[in-house]
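User: I have a structure open and would like to go through some of its contacts. Can you help me read it?
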Amino acid sequence: MTKLLEWLLGVSLIGVAWGLVTFDLLDLQLPPKYRELAWPMPVYLLVAFGCYSLAAVSYRVATFNDCEDAAKELQAQIKEAKEDLKKKGLKM
Amino acid sequence: MASRRGNAKTGEQADKYSVLLPTYNERENLPLIVWLLVKYFGESGYNYEIIVIDDGSPDGTLQIAEQLQKIYGADKILLRPRAKKLGLGTAYIHGIKHASGNFIIIMDADLSHHVSTLPLKQKEGGYDLVSGTRYRGDGGVYGWDLRRKLISRGANFITQVLLRPGASDLTGSFRLYKTEVLEKLVEQCVSKGYVFQMEMIVRARQLGYTVGEVPISFVDRVYGESKLGGNEIVSFLKGLLTLFATT
């Protein structure tokens with residue numbers, strides 16, 4: 001199953017569950033509290049996911065390593081490489 | 001008497017690492033990459049070969065490669081050029097045909113990676129595939145402004161949510177594959193460019209291959225700026241959605 005189909009399946013299942021509870025499609029006579037809680041759930045979940053996304057990406061940007069040492073090391077190695085290759089006869 | 005010596009290198013000599021270097025206009029970078037590879041493989045004692053796959057570069061990359069072959073030997077530097085720019089997937093297929101190693105290492109022409117971390121990690125876990133990541137451990141980048149970091153992390157976040165790939169960095173191209181694994185994957189993957197790299201890991205996980213990760217320091221190309229403009233972003237999203245719908 002492709003990821004797209006997995007998502008569609010998941011969303012459908014949640015949608016059905018939500019519909020069943022909110023609109024009492026199976027005539028379960030659930031207490032009104034449940035229905036009131038279920039009704040805005042999709043929006044709550046979307047907002048929660050949005051907040052999580054913002055937080056996660058912000059955190060990851062903030063903690064994105066800057067490799068100063070690697071850059072310095074690379075610059076030094078490039079110098080060394082050029083000299084060594086010249087010695088070995090490379091004509092750039 | 002062929003006894004088992006305590007020297008670890010005895011076992012390692014059975015393994016050979018073929019480094020595939022698809023090149024297009026890398027006249028300046030190629031000697032440096034080769035020098036670094038020779039240095040790190042030499043230090044580590046691993047058996048290796050470097051296969052340069054030049055796609056008819058107009059800037060004389062092949063001529064430089066020939067000089068390097070004279071310097072380091074035709075057993076270490078193999079030249080398998082092609083007539084014109086034919087794309088990454090076919091470059092890998094072409095390279096594999098000429099590779100004598102049981103492991104293949106793929107790297108971008110970015111002069112940033114300590115190549116010996118790949119075999120080391122592979123041995124640690126017997127992985128089918130080892131991928132370099134900028135996002136974990138002490139992996140990272142150099143010289144990136146806030147905008148670029150934001151786009152990178154944002155794109156990676158979306159990728160993780162949509163594809164759940166089981167690897168932290170999909171667009172990197174510093175990887176080690178078991179030769180037979182790479183052969184199988186290249187057969188299956190249909191995308192182009194870096195989306196191809198992403199597809200390789202996604203399919204690898206689907207086929208049940210084990211993926212290990214090593215942190216890498218991604219220092220921008222020394223002789224040229226990597227671009228990350230609107231076009232790149234759009235084509236990335238297109239590629240991502242294609243993978244989402246097809247894998």
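**Helix contacts and strand pairs**

Analyst: In helix 6 of chain B, Ile151(B), Ala155(B), Ile158(B), Thr159(B), Leu162(B) and Leu163(B) meet Ile233(B), Phe236(B), Leu240(B), Leu241(B), Leu243(B) and Phe244(B) in helix 9 of chain B. Contact means heavy atoms within 4.5 Å, and helices are DSSP runs of H or I with at least four residues, strands runs of E with at least two, numbered from the N terminus.

User: How do the residues of that contact divide into nonpolar, polar and charged?
Analyst: Eleven are nonpolar, one is polar and none is charged. Ala, Val, Leu, Ile, Met, Phe, Trp, Tyr, Cys and Pro count as nonpolar, Asp, Glu, Lys and Arg as charged, and the others, Gly among them, as polar.

User: Where do the numbers and letters come from?
Analyst: This is a predicted model, where local features need pLDDT of at least 70 and side-chain atom pairs count only at pLDDT 80 or more, while totals for chains, interfaces and linings use all residues. Residues are numbered from 1 along each chain as written, chains are lettered from A and ligands numbered from 1 in written order, and side-chain values use heavy atoms, without hydrogens and water.

User: Switching to strands: which way do strand 4 and strand 7 of chain B pair?
Analyst: Strand 4 (residues 103-106) and strand 7 (residues 175-178) of chain B pair in the antiparallel sense over four bridges; pairing needs at least two DSSP bridges. Ile105(B) is opposite Leu176(B) of strand 7 of chain B.

User: And strand 5 of chain B?
Analyst: Strand 5 (residues 129-133) of chain B runs antiparallel to strand 7 of chain B, with three bridges joining them. Ser131(B) has Arg175(B) as its bridge partner.
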